Amino acid sequence: MPADPLQSAGSPPRSPSRLPPRGAATSAVEVRRSARRSRTVSAYREGDRTIVLIPARMSEAEEQRWVTVMLDKLAAQESKRMLGDAELTERAERLSEQYFDGRARPASVRWVTNQNTRWGSCTPAEGSIRLSHRLQGMPEYVVDYVLLHELAHLLVPGHGPRFWQLLDAYPRTERARGYLEGVVAADRLPHLPAAREE
């Protein structure tokens, strides 16, 4: 049985457009290479596209890595701006429809500040879902995963095979779990003093 990560704590050259790895919020990613750009990478939304600007000398592997990093950064910024409790409830309802045929119906979904060892919690008898404020600003797919995890508890108590089978419907489950495990691991690392500026 998998461990539960929710507890724990001219015109520049362009690469072909492709679907981003972060779900349906954006339809395509366009990478623009620039010879004048030496080290910096940036990204922005343009309509239904995401434009990622990178140095021309970057390898394909570096390009792929930076596209993922920049998509996650943009998603985190957007998540900070848009998700209050009302939006969180709407999002949970949409996710339930999309992945559980609307069978998981929470009575309430809200952010809380008193969960420092869990990412989320669910009280099935009340139909209430609470997400830790520490998720605010994390990539959208991570928040969606935690919401789905808690919605699944409205249908199946515990973390048995039926529970994990429900979550298998979400294509970014493993990536989101890895992200949360990385956050937990980073919190355990010793914090080094900042280097002095000369």
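**Ground rules.** I number residues from 1 along each chain as its sequence is written, and side-chain values use heavy atoms, with hydrogens and water left out. Because the model is predicted, local features need pLDDT of at least 70 and side-chain atom pairs count only at pLDDT 80 or more, while totals for chains, interfaces and linings use all residues.

**Entry 1: α2.** I looked up helix α2, residues 85–100 (helices are DSSP runs of H or I, at least four residues). Its 16 residues should span 22 Å at 1.5 Å a residue, and the end C-alpha atoms are 21 Å apart, which agrees. The expected span is 1.5 Å times one less than the number of residues.

Next I checked what is buried (under 20% relative accessible area, 1.4 Å probe, protein chains only): Leu88, Arg91, Ala92, Leu95, Ser96, Tyr99 and Phe100. They cover an arc of only 140° around the axis, so they sit on the same side of α2. Glu97 and Gln98 are exposed (over 50%) on the face turned away from that side. Just past α2, I found Asp101 with a positive phi of about 55°.

**Entry 2: α2 against α3.** The axes of α2 and α3 (residues 140–155) come within 9 Å and cross at roughly 70°. I therefore call the pair roughly perpendicular (65 to 115 degrees).

**Entry 3: α5.** I read Thr173, Ala176, Arg177, Leu180 and Val184 as the buried residues of α5. They fall within an arc of 100° seen down the axis, so they line one face. Their cover includes α3 and α4.

Definitions and conventions. Helices (H or I, at least four residues) and strands (E, at least two) are DSSP runs, numbered from the N terminus. The arc is that of the directions from the helix axis to the C-beta atoms. Axes are lines fitted to C-alpha atoms, for helices over the stretch in contact, and angles run from 0 to 180 degrees between N-to-C directions. Angles under 35 degrees count as roughly parallel, over 145 as roughly antiparallel, 65 to 115 as roughly perpendicular and the rest as oblique. Contact means heavy atoms within 4.5 Å.
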